[in-house]
Amino acid sequence: MTENHLSLIEKSKEYRKKILKYIFNAKAGHTGGDLSIIDILNVLYNRIMNVSPENWHSNTRDRFIQSKGHCVEALYVVLADKGFFPEEDLLTMCQYNSPYIGHPTKYIKGMEQNTGGLGHGLSICCGNALAAKKDNSPIKVFTILGDGEMAEGSNWEAFMFAAHYKLDNLCAILDYNKLQITAPNAEVIGLEPLDKKLEAFGWAVRHVDGHNLEELENTLKSLPFEAGKPSFVIAHTIKGKGVSYMENTLKWHHGVPSAEQMELAMEELI
Amino acid sequence: MSKPNLEIFSETLQKIAETDKDLYVVTSDSRGSGKLVPFGQKFPKQIVEVGIAEQNLVGVATGLAAMGKKAFAVSPACFLTARALEQIKNDVCYSDNPVKLIGISAGVSYGALGTTHHSLHDFAVLRAINNITIVAPADNYETEEAIKVATLLDKPVYIRFGKKSMPVNLDAEDAVFQFGKGRTIRQGSDLTFIATGEAVLPAFEAAKKLSKENNIEATVVSMHTIKPLDTELIAKLAENGKPIITVEEHSIYGGLGEAVGSFLMQNGFRNKFKIVGLPDDHTVSGSQNEIFEHYGISEKGLSELAMSLL
């Protein structure tokens, strides 16, 4: 473990604590999914993407659209850490008349698009990536998809499109925690064999441990996985990762911890 | 020479693309039906084919618009505004991306192909969505202007038209085209037709017939913009207390008629009022003309209705 990754590990711990703090305050949030995508967001924003408050209005910034918009709390915490807005703004999250609602919106600096309806982000990313190709711009375009969201037909329209137009400046990362609101994906509507399906759709696919920061960084630094193909990262994650009683537990999809549970979580995250 | 508005649309886009390399046309296997084959031949780098995938069509157009491109998403109105409605609502309107949504072969243009291919719901669904201008040009002039204005507008716009030949310019006075401002194409003091899109022509013909045969003079307005509605003009038209008839190639529910009726009711106007459009019915089969005749969106139907109100 290099020092580089130790600092990322510390950031992930801090992010997890803050996610829980603001969800506890708001009495709302998609806790399980936030904890499952936070390591991916940490690596994207702190090691991979060229996105900052300073270059926010420049066309040269990389683009990120969080297609699984409901895990917005994780994105809020990372954007606040990057200095897009004061962190204390998040105390208004989900309160009356606050711009910090339960899904991403462009009214918050650092957000590219309003998401929340599932199966929308990837198509928009395709348009971004195609425009960048047309302009010979070197930017990269990223999205995080949810595993439940993979059942949306629009995603498969976009998979076809990205491969047809050889969008190798596009990378989709799947938060594969294998649980959706009703039950495990495998019971609701099976996704497997996912890598074979995506390869058949013309994507270059890699599996990673979605909580191993070093592996995530190395993988995302080797984009595109194959010239002329869009890249797909199947990030194997754990819903509720980092808090023992939340991990792999369906009720934490949008569960809000009690005061006692918060205390326990904070102890575990030290 | 009269041409289908669809052809005017394609010609106008080609003119703009000559100098504007940021103009992009996105199609869903619809370049033929959108008369865009010549555009694709002249500007192959500025046409993006997504295949028969309307949701992705609107998503990709959104992504292009967000990167500063002037993106026109072109697809039959029936599919564009139903299949991709959530993308229109969230990605275009809510996210405020200036995509130009072009609904081709709108209304009952596809005639005998039936209800799957008719769009009699588009005004209604889009009127209920915030942040979109809804336009149905009546003639070639309005179509060309609508495309030019939309290209320069940094906001979401929906424009729908059909494929039947339409007059070059119904307005002898040649009033300036502006989104949100109805064009009065005929002045009369006995009653008013407020029509939109390809239903303006039969209203105009009915007005001429009423004048010639019955000595009745009707005002005819092309209310090309359904939203924002030109309420200032409607108030002015209603002031004389004479009957008002709205005419549209759309369901009688949720379209121009109900928009005008709502404004009149809420502002104290009690003119006799009728909405002409497609009833809540299993639409009769036939060509666009036959369907129009069947439901009274015609010179005969509209003039008879006018007489019954006077």
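Modeller: First, a term. A residue is buried if 20 or more other C-beta atoms lie within 10 Å of its own, exposed if 12 or fewer do, and partly exposed in between; the C-beta atoms are placed from the backbone. Helices (H or I, at least four residues) and strands (E, at least two) are DSSP runs, numbered from the N terminus.

Some ground rules. This is a predicted model: local features need pLDDT of at least 70, side-chain atom pairs count only at pLDDT 80 or more, and totals for chains, interfaces and linings use all residues. Residues are numbered from 1 along each chain as its sequence is written, while chains are lettered from A and ligands numbered from 1 in the order in which they are written.

Now look at helix H9 of chain B, residues 231-238. Its buried residues are Ile234(B), Leu237(B) and Ala238(B). These three sit on the same side of H9(B), because they cover an arc of only 95 degrees around the axis. The arc is taken from the directions that run from the helix axis to the C-beta atoms. An α-helix has 3.6 residues a turn, so residues three or four places apart point the same way. Turn to the other side of H9(B): Glu232(B) and Lys236(B) are exposed there.

Step back to the domains. Chain B is divided into domain 1 (3-166) and domain 2 (183-309). Those bounds come from an automatic or database domain assignment. The C-alpha centres of the two domains lie 26 Å apart. Each domain of chain B puts 26 residues into the contact between them. On the domain 1 side, the elements giving two or more residues are helix H6 (122-127), strand S6 (133-135) and helix H7 (140-152) of chain B. That side divides into 13 nonpolar, nine polar and four charged residues. Here Ala, Val, Leu, Ile, Met, Phe, Trp, Tyr, Cys and Pro count as nonpolar, Asp, Glu, Lys and Arg as charged, and the others, Gly among them, as polar.

Next, chain B as a whole. The secondary structure comes to 12 helices and 14 strands. Of its 310 residues, 56% count as buried. The C-alpha trace spans about 55 × 40 × 35 Å along its principal axes. Among contacts in chain B between residues at least 6 apart in sequence, 77% join residues at least 24 apart.

Last, the partner chain. In all, 23 residues of chain B are in contact with 20 residues of chain A. Helix H3 (54-66) and helix H5 (85-94) are the elements of chain B that give two or more residues to this side. H3(B) gives the most, with nine residues. By class, the chain B side has nine nonpolar, nine polar and five charged residues.

Notes:
Two residues are in contact if their C-beta atoms, placed from the backbone, lie within 7 Å.
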